Amino acid sequence: MVKERLSFRSLNKEVIDPGICAACYGCVSFCSANELNVLTIEKDKPVYRDEDKCLEDGICYLICPRTADLDKTIETRFGSRGPVGSFVSVRSLRTTNKGIAKVACDGGFVTSLLKFMLDTKKIDGAVLSRKATLWNNEPMIATTMEDLLKCAGSSLAQSKSIRDLGDLTTYAPILSALKERNLLDQSKLAVVGTPCQTLTIRKMQMLHIVPSHIVQFVIGLFCFENFLMHGNGRKYLAGKIGADLDQIERINLKDDFTVKLKDGRVSHIDLDDLGPIVRSECLACTDFSNNVADISVGGIGSPEGYTTVIVRNIAAQKLINQAISQGYIEETEAKGIIEKISKMAERKRQRGLRVLADRKAAASRSKRA
Ligand SMILES: Cc1cc2nc3c(=O)[nH]c(=O)nc-3n(C[C@H](O)[C@H](O)[C@H](O)COP(=O)(O)OP(=O)(O)OC[C@H]3O[C@@H](n4cnc5c(N)ncnc54)[C@H](O)[C@@H]3O)c2cc1C
């Protein structure tokens, strides 16, 4: 039997049609025939714009975080140890800078580490997400302290699609910011991203796809799921918190969804009770702790005002120790963090495996019908 060539058609069949696309848009951003406008995004989904011009080289398929062809290579390169991946240490860290602490999501560790890396010229910039409003963010390459401060904190809401079509996606489409870079670009960048974005970058690095060569350091965000704030979802969340959404001062995700209102009230919502605002495709993801990043960060497990950091390699450990010794970051002792992360990671993994199996089965049933 002749095997069909890997192409966007294969991706459609195995990922997009079954409803498990992560919406990282790596396929659209790094399509080898990009200048021919072969792919585009419609209603948050990658689609063919001009199928006849498809080069059928399978790049879009191979770098997709939901395909498995590079799994073994990735595992050999980055290791794998249970649901949280391999690591050298798990630490509770925070910034020493009051200005950063004021705007940061948790301990401001991410912003401070990036500041240290910029100051010491370990990187020229960082691909981040800038919060435009509570419900809207956009990718940005930060090169100064001022830029870093604009990006600090997390926006958990939708952002404009990478092609500015006005479509809604669940997170900052940071891969599009990378897309602008080319082979001759020798700058060194750090990237902050969700697990699906990190996996796409790692796959691009395995295949030497431009411009993944300039990504020096990947900071992976813990991520249980992303959110969509369409009409019904907005109504649902307003009901849950007992207030209009414009009364929200801050949203944080640790082991639950915490909403702080401007009048000081705080609501804790279980992650399994967020149904209508969860992006359905995220339910098929199995990676909570961003297992192939250089370091992974979240709030879960650490005392208030600290960031939990999984350090995944010796170089990252050295970098953090340097930042501590030069006064950018400080550490506190915290116990039982890894157990909390593992529990969350296993919860997400089990859900992801169940949803993946259900959706693939449903897709093949509907193909047979
Ligand atoms: C969608 C999402 C889901 C999350 N889920 C969890 C969770 O379930 N449990 C948990 O413990 N932690 C979760 N986190 C991580 C947590 O909210 C903090 O981002 C993390 O602890 C870092 O805190 P910090 O104070 O050190 O970072 P800061 O110093 O505030 O810096 C945060 C950095 O992350 C970047 N960033 C923010 N949002 C995005 C985005 N959407 N895409 C790319 N970059 C972004 C910002 O630009 C900024 O540079 C999630 C984050 C996001 C964005």
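Visitor: Which element gives the largest share of the shell around the ligand?

Guide: Please note that this is a predicted model. The largest share of that shell, 3 residues, comes from α6.

Visitor: Which residues around the ligand come nearest?

Guide: Thr111, Leu128, Cys151, Gly298 and Ile300 come nearest, out of 34 residues around the ligand. Two or more residues of the shell are given by each of α6 (109–119), β4 (125–133), β8 (189–193) and β13 (295–298). By class, the shell holds 19 nonpolar, 13 polar and 2 charged residues.

Visitor: Why is α6 called largely enclosed by the rest of the structure?

Guide: A residue is buried if 20 or more other C-beta atoms lie within 10 Å of its own. In α6, 10 of the 11 residues are buried, so the helix is largely enclosed by the rest of the structure. The buried residues are Phe109, Val110, Thr111, Ser112, Leu113, Leu114, Lys115, Phe116, Met117 and Leu118. Just after α6, lysine 121 takes a positive phi of about 60°.

Visitor: What makes helix α4 hardly covered?

Guide: Helix α4 spans residues 71–78, and the count of buried residues among its 8 residues is 0. Helix α4 is therefore described as hardly covered, the cut-off for a buried residue being 20 or more other C-beta atoms within 10 Å. Just after α4, glycine 79 takes a positive phi of about 75°.

Visitor: Why are α4 and α9 called roughly perpendicular to each other?

Guide: Angles of 65 to 115 degrees count as roughly perpendicular. Helix α4 packs with helix α9 (residues 195–206) at an angle of about 90°, their axes being 11 Å apart. The two helices, α4 and α9, are therefore roughly perpendicular to each other.

Visitor: Which residues of α4 and α9 meet?

Guide: From α4 there are Thr73, Ile74, Arg77 and Phe78, which meet Arg202, Lys203 and Met206 in α9. The residues of this contact divide into 3 nonpolar, 1 polar and 3 charged.

Visitor: Which domains does the domain assignment give?

Guide: The assignment gives domain 1 (8–69) and domain 2 (73–358). Taken over C-alpha atoms, the centres of domain 1 and domain 2 are separated by 24 Å.

Notes:
Residues are numbered from 1 along each chain as its sequence is written. This is a predicted model: local features need pLDDT of at least 70, side-chain atom pairs count only at pLDDT 80 or more; totals for chains, interfaces and linings use all residues. A residue is near a molecule or strand if its C-beta atom, placed from the backbone, lies within 6 Å of it. Helices (H or I, at least four residues) and strands (E, at least two) are DSSP runs, numbered from the N terminus. Ala, Val, Leu, Ile, Met, Phe, Trp, Tyr, Cys and Pro count as nonpolar, Asp, Glu, Lys and Arg as charged, and the others, Gly among them, as polar. A residue is buried if 20 or more other C-beta atoms lie within 10 Å of its own, exposed if 12 or fewer, and partly exposed in between; C-beta atoms are placed from the backbone. Domain bounds come from an automatic or database domain assignment. Axes are lines fitted to C-alpha atoms, for helices over the stretch in contact, and angles run from 0 to 180 degrees between N-to-C directions. Angles under 35 degrees count as roughly parallel, over 145 as roughly antiparallel, 65 to 115 as roughly perpendicular and the rest as oblique. Two residues are in contact if their C-beta atoms, placed from the backbone, lie within 7 Å.
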